[in-house]
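Dear colleague,

Please find below the structure that I am handing over to you. My findings follow directly after it.

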Amino acid sequence: MKSPILQSATKYLLPILLLFSFFLLLRGHYYPGGGFVGGLVASIAFVLHSFANGTEATMKILKHKPLSLIPVGLAISTVSVTIPMLFGLPAMTGLWLEEPIPVIGMIGSSLFFDLGVYLVVIGVVLTILFTISLNNLEEKN
Amino acid sequence: MLLAVLSGLLFSIAMVFFGKGLKAKWSPLLLVLPPVLFTFFASFIPFISSGNIQLQHINWVPSLGINFDFKLDGLSLLFTLMITGIGTAIFIYARKYLKGHPYFDRFFGYLFLFMSAMLGVVLSNNILLLFIFWELTSISSFFLIGFNNDNADSRKSALTALSITGLGGFFLLASLILIGNIAGTYTISELINSRDLLLKDPLYPLIIGLLFIGAFTKSAQFPFHFWLPGAMKAPTPVSAYLHSATMVKAGIYLLARFSPILGGTDYWNYTLIIVGGITMLYASIHSLFRTDLKGILAYSTISALGILTFLIGLGTKEAMIAVSVFILAHALYKATLFLVTGIIDHETHTRDITVLSGLRKVLPPVALAGILAALSSAGFPLVTLGFIGKDLIYEATLTFSNPTLIWTLTGLAIVTNIGLVAAGFMAGITPFVGKLPQQFEKIHIPYKGLWIPPLVLALLGIILGIFPAVVGELITNQTANTIFGANTNSHLAVWHGWTLVLFLSLGTLAVGSLLYILNKPSMAKLAAIERFNVISPKTIIMGLGSKIMQFSSWYTDRMHNGYLRSYHLKIILFAEAVLAYKLWVSGPIYIDFWSLTYPDLYEVAIVFVLIGALFLILTTPSRLTAVVSMSVIGYCICLIFVIYSAPDLAMTQFTIDTLSTVLFVLVLYKLPGFVNLTNKKVLFRDALVAISFGIIIALTAFKIWAEPINKDISNFYGENAYILAKGKNVVNVILVDFRGIDTMFETVVLSIAAIGVYSMIRLRLKSSEKE
């Protein structure tokens with residue numbers, strides 16, 4: 001499905017959608033959004049790109065296999081869960097910085113937990129979809 | 001203390017990374033930890049022996065009552081010293097025993113894991129924490145028994161041991177949770193205050209029954225004893241460490257620990273006396289028929305564990321003193337005998353006592369260790385710790401609270417001990433006396449690392465036996481006090497005068513020695529006793545096990561045939577049954593038609609689109625059309641979420657639907673062309689199931705609508721989201737904070753799914769690699 005219209009559109013849509021997905025992740029604690037939806041939107045952005053330019057081109061943009069996002073995401077979540085234990089608090093206690101940071105807003109350990117979820121979701125969705133689609137390509141050749 | 005418990009675990013993890021390097025040059029480093037821990041725990045001796053208790057508390061999961069609560073008292077101290085002290089000897093020995101073994105590093109990794117877990121068991125002051133470490137000991141034991149994993153027998157024995165001890169673990173967990181629920185605390189030192197509450201509870205017999213199964217499986221009591229002889233497939237240092245000195249005593253530890261909390265009732269005492277009595281007698285007689293050194297030791301260990309259970313069952317002050325001393329005495333001489341056996345096996349490549357003889361001429365220090373340990377095990381008077389232990393056992397049976405049973409129990413103890421005297425001599429003396437066969441003349445004294453540890457342990461058994469008062473003052477008196485739950489005022493001494501107990505001891509020794517001389521073990525006798533295997537608990541329990549296997553494979557064939565349509569059908573039918581039952585029970589549904597409002601135009605429109613898409617799915621011959629129609633339905637639902645103000649759900653539904661359509665299209669590519677294989681009968685069945693599901697769901701919706709709504713939960717989250725978690729979006733706060741652990745595991749499940757897809761498609765085995 002290589003249409004020039006879609007190809008040029010995705011050139012601009014990919015960064016905008018990724019930005020939007022990150023926006024969803026950050027606002028999740030106060031308004032509709034969050035790591036899960038954010039991750040799904042980001043995956044859709046990549047899937048759209050792969051539709052327009054082919055999965056191999058998308059894999060080139062990603063540089064690493066999407067599978068490698070999964071351990072990174074899980075590690076970030078795990079660390080955010082265990083960090084309160086270092087302060088003698090039970091695991092999963094939310095820790096918050098005193099002052100909000102410009103643009104991003106309040107930062108707490110649950111944001112990192114959500115970030116982990118975000119990365120895992122992208123990793124999982126893209127791994128499943130791209131593995132199957134690359135396999136289809138190989139069989140075709 | 002936390003660090004002391006976890007250091008073994010850290011070492012074990014370190015073995016994964018540095019194991020290869022440790023194999024050759026740096027292997028002495030492995031020997032550092034156990035003596036350091038021993039010194040650490042030994043430094044508590046003055047503190048504990050003056051009657052103090054050391055506590056430590058670190059929060060872990062306080063909301064579930066699971067915390068790192070550690071307690072060092074008399075009972076824990078005895079066990080920690082045994083674990084680290086005998087551990088030191090075992091580590092030194094094992095380094096030489098397994099020199100050059102390809103999985104040297106792996107072995108020590110398991111051994112560290114075990115040591116850590118075992119210390120955790122005896123130091124935990126929280127019963128759930130105790131359970132976690134308890135299971136860890138079972139798992140490390142499984143790995144160590146199956147260490148020679150290219151041997152089918154080893155693997156089978158490891159599985160048997162794991163399934164028996166693991167099964168016991170489930171029962172134990174049930175018991176611990178019941179105890180925690182009734183007492184309202186999981187802390188052992190607080191449970192003692194709830195003793196009356198627990199004893200009066202109607203569930204008391206169930207609680208101790210479950211606890212007993214846990215302890216009996218672990219400590220190899222009849223009828224669960226049969227895993228222990230199989231566990232002897234492990235390398236000898238493991239048999240010495242896990243399966244005689246420490247791990248199998250975890251069950252004894254548990255009984256001793258709970259004795260002041262749950263003990264003292266007839267249920268408790270007589271169950272333990274009967275089970276312990278049967279075990280000690282059965283195993284003691286069995287050990288006389290064995291020809292394999294390790295077999296003899298395995299059965300005599302079971303018998304010793306039976307004695308300990310029996311003594312805890314007696315429940316008197318004297319019995320508890322006997323327990324505390326006998327645990328130590330047995331650990332010392334049995335570990336020695338195992339290590340001696342290991343050397344013999346290592347040097348002669350046989351453990352058959354009908355072949356072995358005269359080895360004292362070629363292995364003098366080993367012979368000394370073996371004979372000293374055999375004497376201690378026989379309770380040789382005045383100079384061995386075994387003698388003190390045996391005296392105390394007789395004293396305990398002679399002072400039992402029920403006078404009618406005194407002579408039955410004493411008789412039982414005497415017969416058992418006579419068997420144990422002979423078994424000890426068979427293991428510790430037979431290989432060394434007599435004429436040296438020609439094939440063994442070339443044997444040389446092995447590495448110092450092999451014979452020094454057993455000799456030291458054997459000598460300890462003698463030295464402590466000569467100065468029992470010291471042992472008592474420093475360690476075992478406090479142990480007995482802890483188990484008894486009150487001061488026992490015990491004073492260990494070698495000489496009590498010409499008492500009845502002394503005559504019993506001497507008589508046991510004399511008859512046992514006579515039995516040893518008369519009983520010549522042979523293959524014929526072994527074969528004779530194995531004829532009874534048909535009715536042995538092992539055969540019965542293993543038979544039960546294979547029946548369960550048969551049932552589960554039948555069930556799996558039925559329920560998991562691999563057809564997606566069959567899974568769907570079953571899941572939906574099950575949901576229908578459950579919901580229909582609930583609707584039926586909860587009575588008629590009243591619908592207040594007057595409170596219904598007219599639907600808006602766009603709601604009607606959405607429903608029409610929905611029905612149209614549905615119709616298309618059912619009639620289209622093209623899969624692609626069906627998939628696209630499915631996504632239309634998904635988007636319609638998404639719109640409904642938007643209208644009824646659930647933006648989070650709507651967003652998620654929208655993205656998920658998009659992605660699953662893409663996934664569908666990708667997968668469709670792999671399917672063969674569409675052929676209509678469905679016949680009328682199947683169509684009718686599916687339609688029936690689908691229509692009834694729709695009706696039931698609709699009725700459920702009406703029911704929910706008609707019922708008054710309980711808003712406690714949503715109010716709680718609504719009120720606390722900002723106060724506790726500083727978030728305004730309640731849905732998200734629930735996901736990342738209140739129920740964060742759920743989310744955590746959901747992401748793990750997702751990851752597993754992705755890895756599954758990836759490995760199924762990417763990592764195809766070459767045909768040569770399959771099986």
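**Contact between the two chains**

The contact draws on 49 residues of chain A and 42 residues of chain B. This is a predicted model, and every value below was computed from it. Between them, chain A and chain B bury about 4100 Å², of which 73% falls on carbon and sulfur atoms. The count of salt bridges between chain A and chain B is 0.

**Chain B as a whole**

Chain B contains 32 helices and 2 strands. Its C-alpha trace spans about 105 × 65 × 50 Å along the principal axes. Of the 771 residues in chain B, 50% count as buried. If one takes the contacts in chain B between residues at least 6 apart in sequence, 78% of them join residues at least 24 apart.

The domain assignment divides chain B into domain 1 (264-521), domain 2 (564-709) and domain 3 (711-771). The centres of domain 1 and domain 3 of chain B, taken over C-alpha atoms, are separated by 55 Å.

**Nonpolar cores**

The largest nonpolar core comprises 192 residues. Phe108(B), Tyr241(B), Phe258(B), Leu262(B), Trp268(B) and Leu359(B) are the residues with the most contacts inside this core. Helix α16 (residues 317-348) of chain B gives the most to it, contributing 20 residues. There is also a second, separate core of 34 residues, and its members include Leu119(A), Val121(A), Leu126(A) and Val662(B).

When neighbours within four places in sequence are left aside, Trp268(B) is in contact with Tyr204(B), Ile208(B), Leu211(B), Phe212(B), Leu255(B), Phe258(B), Ser259(B), Leu262(B), Gly263(B) and Ile312(B).

**Salt bridges**

Over all chains, the structure holds 5 salt bridges. Asp73(B) takes part in a salt bridge with Arg257(B), in which the closest N and O atoms are 2.8 Å apart. Asp73(B) is located in the loop between β2 (66-72) and α4 (74-97) of chain B, while Arg257(B) belongs to helix α13 (residues 249-262) of chain B, so this pair ties together parts that lie 184 residues apart in sequence. The side chain of Asp73(B) also meets that of Lys71(B) in a salt bridge, at 3.8 Å from N to O.

Lys71(B) lies in strand β2 of chain B. Not counting residues up to four places away in sequence, Lys71(B) touches Ile53(B), Gln54(B), Leu55(B), Ser76(B), Val122(B), Leu123(B), Asn125(B), Ile188(B), Ser189(B) and Arg257(B).

A further salt bridge joins the side chains of Arg685(B) and Asp686(B), at 3.2 Å from N to O. Arg685(B) is partly exposed, with a relative accessible area of 40%, and Asp686(B) is partly exposed at 31%. By contrast with this pair, Lys71(B), Asp73(B) and Arg257(B) are joined into one network by salt bridges that share partners.

Helix α2 (residues 35-53) of chain A has 19 residues and reaches 27 Å from its first C-alpha to its last, close to the 27 Å expected at 1.5 Å a residue. α2(A) is mostly covered, with 16 of its 19 residues buried. Gly54(A) follows α2(A) and has a positive phi, near 95 degrees.

Helix α20 (residues 448-466) of chain B has 19 residues and reaches 26 Å from its first C-alpha to its last, close to the 27 Å expected at 1.5 Å a residue. The buried residues of α20(B) are Gly449(B), Leu450(B), Trp451(B), Pro453(B), Pro454(B), Leu455(B), Leu457(B), Ala458(B), Gly461(B), Ile462(B) and Gly465(B). These buried residues pack against α4, α16, α17 (364-378), α18 (385-398) and α21 (468-484) of chain B.

Yours sincerely

How values were computed. Residues numbered from 1 in each chain as written. Chains lettered and ligands numbered in written order. Predicted model: local features only at pLDDT ≥ 70, side-chain atom pairs only at ≥ 80, totals over all residues. Heavy atoms only, no water. Core = buried A, V, L, I, M, F, W, Y, C linked by side-chain atoms within 4.5 Å. Buried < 20%, exposed > 50% of the residue type's maximum accessible area, 1.4 Å probe, protein only. Helix = DSSP H or I, 4+ residues; strand = E, 2+ residues; numbered from the N terminus. Contact = heavy atoms within 4.5 Å. Expected span 1.5 Å × (residues − 1). Domains from an automatic or database assignment. Salt bridge = Lys/Arg side-chain N within 4 Å of Asp/Glu carboxyl O. Buried area = accessible area lost by both parts, 1.4 Å probe.
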